[in-house]
Amino acid sequence: STEAEKKRWTLNDFDIGKPLGRGKFGHVYLAREKRSNHIVALKVLFKSQLKQSQVEHQLRREVEIQSHLRHPNILRLYGYFYDQKRVYLILEYAAKGELYKELQKCKYFSERRAATYVASLARALAYCHGKHVIHRDIKPENLLVGAQGELKIADFGWSVHTFNRRRTMCGTLDYLPPEMVESAEHDTNVDIWSLGVLCYEFLYGVPPFEAKEHSDTYRRIVQVDLKFPAKPIVSSAAKDLISQMLVKDSSHRLPLHKLLEHPWIVQNADPSG
Ligand SMILES: COc1ccc(C(=O)Nc2ccccc2)cc1NC(=O)CCSCc1cnc2[nH]ccc2c1
């Protein structure tokens, strides 16, 4: 681990800048580490709220996992520190912000842009699975964009924030695979399903099983009621890839290394990611 992990950081090591957003457990600020002038995102969590939600162990486990993850498409957790009332997470700052805002702005992405994002996420997930880390909750709200336009899985504390965000994101179940909706146990193949849902949303601007009522979304997911709209026009190669990922039996979903060899990815993804 680098010196960043070992050092005992304090708030005095940072100049605090503008707020970047807020979650249930606290706010995130742009910050600059004074000695190195390194720009980071400083996430401030209130111990009182962590305690009353019994998530301290969750946070400790997550900090432990994140401190070993090093991948260009996974947002870094450089370190953490705490004072009397708060815990501070020193996070990588993604200069181009939240992907879902970009998706809302341009409705849907070109096939090249979608394939480039899907390929970089597949590489990041393969890296995580290699380290036995799964359920990197990959939906647009959890993806940030770095200075060079590269995607970063930001992972807002998946089981905590996402639950919180899922409720605040008007309770979307859209990204859950059948086995999670049916609350069976899940494995790394849940991430293939979520990546398939994401690929669909990148290309069509809406998730594949969207419905007005929760119960309808639930039914569409467990029945894998997959339909491709006539507009926007999407290549059959893209539809073929999505159809191989959104498969009910998790063991029959296209594995990540096969995804990276799929013609649609090979022909459309920018290799630099
Ligand atoms: C590795 O990442 C994380 C690791 C852990 C946690 C976390 O809170 N865990 C937790 C909390 C409580 C209980 C249990 C677990 C959160 C993140 N990541 C984020 O929160 C991303 C947005 S903050 C950063 C950031 C960067 N770059 C930006 N550019 C524009 C906005 C923006 C925002």
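Is Lys152 buried or exposed in this model? Lys152 is buried, because its relative accessible area is 7%, and buried here means under 20%. The model is a predicted one.

## Lys152 and its partner

The side chain of Lys152 meets that of Glu92 in a salt bridge, with 2.7 Å from N to O. Glu92 has a relative accessibility of 12%, so Glu92 counts as buried.

A further residue, Glu150, takes part as well: Glu92, Glu150 and Lys152 are linked in a network of salt bridges.

## Other salt bridges

The whole count comes to 13 salt bridges. One of them joins Asp15 to Arg32, where the closest N and O atoms are 3.4 Å apart. Here too distant parts of the chain are linked, with Asp15 in strand 1 and Arg32 in strand 2, 17 residues apart. Asp15 has a relative accessible area of 33%, so Asp15 is partly exposed. Arg32 is also partly exposed, because its relative accessibility is 35%.

Another salt bridge is formed by Lys51 and Glu56, and its closest N and O atoms are 3.9 Å apart. Lys51 counts as exposed, because its relative accessibility is 53%. Glu56 has 26% relative accessibility, so Glu56 counts as partly exposed.

Strand 2 (residues 26-33) and strand 3 (residues 38-46) run antiparallel and are joined by 6 bridges. The two strands form a hairpin with 4 residues between them, and in this hairpin Asn37 takes a positive phi near 60°.

Strand 3 is joined to strand 5 (residues 86-92) as well, by 7 bridges, and this pair also runs antiparallel. Within the pairing, Ala41 stands opposite Leu91 in strand 5. In a regular strand, side chains alternate between the two faces of the sheet.

## Aromatic pairs

A search of the whole structure gives 10 aromatic pairs. Among them is the pair of Phe14 and Phe81, which is stacked, with 5.9 Å from centre to centre and 5° between the planes. Phe14 lies in strand 1 (residues 14-23) and Phe81 in strand 4 (residues 77-82), so the pair ties together parts that are 67 residues apart in sequence. Phe14 and Phe81 are both buried.

Phe109 and Tyr117 have ring centres 5.4 Å apart and planes at 75°. Why is this pair edge-to-face? Planes over 60 degrees apart count as edge-to-face, and the 75° between the planes of Phe109 and Tyr117 therefore puts the pair in that class. Phe109 is buried, as is Tyr117.

Phe14 and Phe81 also belong to an aromatic cluster, which they form together with Trp9 and Tyr88.

Glu201 lies in helix 8 (residues 189-204). Glu201 is buried, yet has no salt bridge. Which side chain of opposite charge is nearest to Glu201? That side chain is Lys139, at a distance of 9.9 Å. A salt bridge needs a side-chain nitrogen of Lys or Arg within 4 Å of a carboxyl oxygen of Asp or Glu.

The side chain of Glu201 does have a polar contact of 2.2 Å with the side chain of Tyr175. If neighbours within four places in sequence are left aside, Glu201 is in contact with Leu103, Pro140, Tyr175, Val206 and Pro207.

## His71, a buried loop residue

His71 sits in the loop between helix 3 (56-66) and strand 4. His71 has a relative accessible area of 15%, so His71 is buried. A polar atom of its side chain lies 3.0 Å from the backbone nitrogen of Asn73.

Which residues does His71 contact, leaving aside neighbours within four places in sequence? They are Ser120, Arg123, Ala124 and Tyr127. From C-alpha to C-alpha, His71 and Arg123 are 9.0 Å apart in space, while 52 residues separate them in sequence.

Note on methods
Residues are numbered from 1 along each chain as its sequence is written. This is a predicted model: local features need pLDDT of at least 70, side-chain atom pairs count only at pLDDT 80 or more; totals for chains, interfaces and linings use all residues. Side-chain values use heavy atoms; hydrogens and water are left out. Two strands pair if DSSP finds at least two bridges between them. Rings of Phe, Tyr and Trp (its six-membered ring) pair if their centres lie within 6.5 Å; planes under 30 degrees apart count as stacked, over 60 as edge-to-face and the rest as tilted. Buried means under 20% relative accessible area, exposed over 50%, partly exposed in between (1.4 Å probe, protein chains only). Lys and Arg count as positive and Asp and Glu as negative; His and the chain ends are not counted. A polar contact is a pair of N or O atoms within 3.5 Å; within protein, one must be able to donate a hydrogen and the other to accept it, and residues adjacent in sequence count only if both atoms are side-chain atoms. Contact means heavy atoms within 4.5 Å.
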